[in-house]
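Trainee: I would like to learn how to read a model of this kind, feature by feature. Could we take it slowly, with the general idea before the case in hand?

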Amino acid sequence: MNIAFDATAILGPMSKNRGIGNYALNQFKAMINQDDKNNYFFINFFEEFSLKDYIKDDKNLIEVYFDCGKNRFLLSKAEYKEVIGGIISNFIKEYNIDVFYITSPFDSHVNVYEKEWFEGVRTVATVYDIIPYVFKDIYLGDKATYKWYMSCIDMLRWVDQYLVISNSVKEDMIKYLNFEEEKIEVIYGAVDETYTEIVVEEAEKVALYKKFNINSEYIMCTGGDDGRKNIDQLIIAYGNMPQALIEKYQLVIVCKLSKSSVDKYTEIISKNKLMGRVILTNFVSAEELLKLYNLATLMAFPSKYEGFGLPIVEAWACGTPVLTSKNSSLGEIGGNGAITVDPFDVKDITRGLVEALANTDLKLLLEKGKERLQLFQWDQVAQSAISYINRILPIEKQEIGRKKIAFFSPLPPIQSGISDYSVDILNELINYFEIDVFIDDGYKIECYLNKNIKVYMHKEFKNKRGEYFDIIYQMGNSYYHEYMYSYIKKYRGTVVLHDYNMHSVAQAIALYKQNHNLKLYREYLAEDFNSKEVDAYLQQIAKGQIEVKIHEMELNGFITNYADKIIVHSDYVKKKLLERDLSRDVQTIYHYARIEPLKDSKKLKRDKLIDENEIVIASFGHIHETKRALPILKAFNRLTKEYEHMRYIFVGKLDDGIKQVFNEYVNKNQLS
């Protein structure tokens with residue numbers, strides 16, 4: 001196969017020379033060195049750089065560099081997005097690419113990729129973590145950042161397969177963002193070969209200790225200038241150890257810190273009377289970092305959350321035992337080779353430090369860590385990635401000309417105008433696409449469909465998901481469409497919105513069908529309204545005023561917020577959707593009518609035993625409260641008091657919810 005990968009992780013401004021950049025460089029270096037069956041293509045929009053400098057045998061590597069101008073303006077400016085898209089599309093065709101590997105999907109300095117650029121190839125992406133979403137109150141507090149991050153998530157949703165660096169990341173993607181479990185493969189991270197056990201000469205040790213004011217054995221912590229790394233709580237936990245241990249071991253914090261962080265940690269150190277015992281090294285060179293790892297008694301890394309946790313494997317590789325957190329990926333990576341603690345409990349961090357330094361055979365603990373270290377080697381990572389990619393079946397080139405879509409809709413005999421609409425649309429669309437239709441359980445279709453249209457029960461969609469270019473949902477304000485909700489939320493796609501206000505069906509499902517499920521109802525409401533508005537409305541429900549705001553509180557976000565594209569039938573509805581969220585992709589496709597020859601109305605009246613002089617008024621469609629059937633009935637009653645020869649015909653099914661009131665009014669006013 002021809003496998004392309006981008007330079008975003010290796011050279012992108014957010015990743016270069018950092019954890020993600022080092023991961024990608026080491027991964028692809030090992031993959032190309034090991035793999036003599038596939039060809040690799042490196043597409044680079046950032047700077048002149050040769051990956052071949054890192055490869056033993058580069059015969060299966062082709063590098064392609066595109067200069068994007070000063071400050072890479074072509075790459076970062078939205079107005080040039082389609083230029084980049086054209087370059088990528090042409091690159092894929094020119095080199096006959098089978099798999100395109102997206103190395104860093106959350107780089108804010110790069111335009112988000114579009115699905116259309118990758119026609120004819122399978123796509124793979126490495127996901128290192130979704131920590132910003134898990135802690136969105138901290139990292140995605142402003143609307144612009146949240147919108148950008150979710151655009152990256154939207155991009156990931158059309159990617160075919162995901163490689164993640166821990167089971168924790170996999171579980172987060174499924175739990176928080178509803179990604180499909182079967183599309184996610186864990187290949188782990190690994191330790192860079194520069195981290196190894198070395199002999200530090202006495203003179204070097206003295207110079208290093210003098211530079212950083214180290215005067216005893218020490219606990220080392222390395223991470224980053226981020227509250228999630230939990231450095232403040234580690235300092236407090238260290239200060240709560242027995243005085244004898246504090247006097248024996250210093251705590252050395254090894255990472256680059258901002259002035260505000262230095263001030264913050266210095267204040268904590270002073271308050272806890274730890275001056276001279278806790279050291280803030282600030283920036284250290286790679287050589288100094290390696291020596292500090294090798295000389296430490298214990299590496300403490302009680303981070304609140306990590307996608308992998310490189311300091312654990314780096315410490316093991318340097319011959320240093322580890323204390324880390326028991327949550328997220330850290331407990332998974334540390335296993336039985338580390339002392340684990342609850343990062344949210346200062347007392348438990350203290351307990352772990354004391355256990356490690358006073359009650360544990362650190363040599364034995366390190367041996368267990370080194371056994372686990374064998375799981376986290378680049379050869380292992382590369383082999384896992386190669387094996388997984390080799391199982392991805394390339395798209396047959398003849399597939400490209402005729403795309404396949406999944407189509408969710410009720411069909412006849414379901415009594416819905418949307419059922420009839422879908423039959424007409426499907427029999428036209430089959431001229432342009434291959435189509436599979438997915439219907440709700442409990443009925444067999446009774447309509448004419450082109451023989452090339454396949455119809456399935458909706459539960460079969462999961463096994464066929466990878467076949468489709470897009471998913472179309474015909475969405476109306478009735479129970480007939482309820483089965484689609486979970487698919488829209490999980491798989492997204494294009495929603496044809498036949499009704500703007502979906503509040504009545506949302507309320508009916510949550511409060512009546514699911515026996516007053518206020519939690520579900522609140523979830524629906526929260527997609528369109530803030531918590532204050534929702535709480536006020538729910539209080540009205542508690543007082544028995546359930547119907548009070550169905551028409552005032554227009555609701556559709558529980559569907560439209562998960563759509564990639566929205567099709568509506570009027571510019572009015574398009575305007576209302578965009579007023580709520582201007583970033584939506586909304587298109588108006590007007591409704592249609594099948595024009596047939598006019599019949600002789602006088603003959604039709606005679607056939608229906610209607611007087612030729614009667615004035616006939618009619619309404620067409622579901623006879624429902626939201627269609628204003630009862631006010632129409634009352635208005636017509638007033639007309640009959642003033643005029644003779646009037647007849648009103650409701651053409652459609654009378655809804656059970658208003659049947660009794662409707663019939664009582666008709667009988668009471670002698671309208672039958």
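Predicted model: local features only at pLDDT ≥ 70, side-chain atom pairs only at ≥ 80, totals over all residues.

Trainee: Where in the chain do the two partners Glu119 and Lys403 lie?

Mentor: The side chains of Glu119 and Lys403 meet in a salt bridge at 3.3 Å, N to O. This pair links distant parts of the chain, with Glu119 in the loop between β4 and β5 and Lys403 in the loop between α18 and β14, 284 residues apart. Glu119 counts as partly exposed because its relative accessibility is 42%, and Lys403 is likewise placed in the partly exposed class by its 25%.

Trainee: Which helix holds both Asp656 and Lys659?

Mentor: Both residues lie in helix α29, which spans residues 656-668, and they are three residues apart, about one turn of the helix. Asp656 counts as exposed, since its relative accessibility is 60%, whereas Lys659, at 36%, counts as partly exposed.

Trainee: Is Lys464, the partner of Glu467 in a salt bridge, buried or exposed?

Mentor: The cut-off settles the matter, because buried means under 20% relative accessible area. Lys464 has 14% and is therefore buried, while Glu467, at 38%, counts as partly exposed. The closest N and O atoms of this salt bridge are 3.3 Å apart. For the protein as a whole, 50% of the 672 residues count as buried.

Trainee: Turning to the sheets, what is the order of the strands in the open sheet of seven strands?

Mentor: The order is β3-β2-β1-β4-β5-β6-β7, and the pairing is parallel. At the edges are β3 (61-65) and β7 (184-186), each of which pairs on one side only. From one strand to the next the twist averages 20 degrees. Within this order, β5 (residues 122-127) pairs with β6 (residues 161-164) in the parallel sense over four bridges, and Ala125 has Tyr162 in β6 as its bridge partner.

Trainee: What kind of unit do β12, helix α15 and β13 make?

Mentor: They make a right-handed β-α-β unit, in which α15 covers residues 328-334. Strands β12 (residues 322-325) and β13 (residues 338-341) pair in the parallel sense over four bridges, and the bridge partner of Ser325 in β13 is Val341.

Trainee: Which residues make the nonpolar surface patch of about 350 Å²?

Mentor: In a regular strand the side chains alternate between the two faces of the sheet. The patch here is made by Val616, Phe620, Ile649 and Val651, and the elements that give two or more residues to this patch are β21 (615-620) and β22 (646-651). Val616 lies in strand β21 and counts as partly exposed because its relative accessibility is 36%.

Trainee: How many helices and strands does the protein have?

Mentor: The secondary structure comes to 29 helices and 22 strands, and the C-alpha atoms fill a box of roughly 115 × 65 × 45 Å along the principal axes.

Technical notes. Residues numbered from 1 in each chain as written. Heavy atoms only, no water. Patch = residues over 30% accessible without salt bridge, like charges linked within 9 Å, V, L, I, M, F, W, Y side chains within 5 Å. Areas by Shrake-Rupley, 256 points an atom, 1.4 Å probe, with all protein chains shown as cover. Salt bridge = Lys/Arg side-chain N within 4 Å of Asp/Glu carboxyl O. Buried < 20%, exposed > 50% of the residue type's maximum accessible area, 1.4 Å probe, protein only. Pairing = 2+ DSSP bridges. Right-handed = clockwise from strand over helix to strand, strands pointing away. Axes fitted to C-alpha atoms, helices over the stretch in contact; angles between N-to-C directions.
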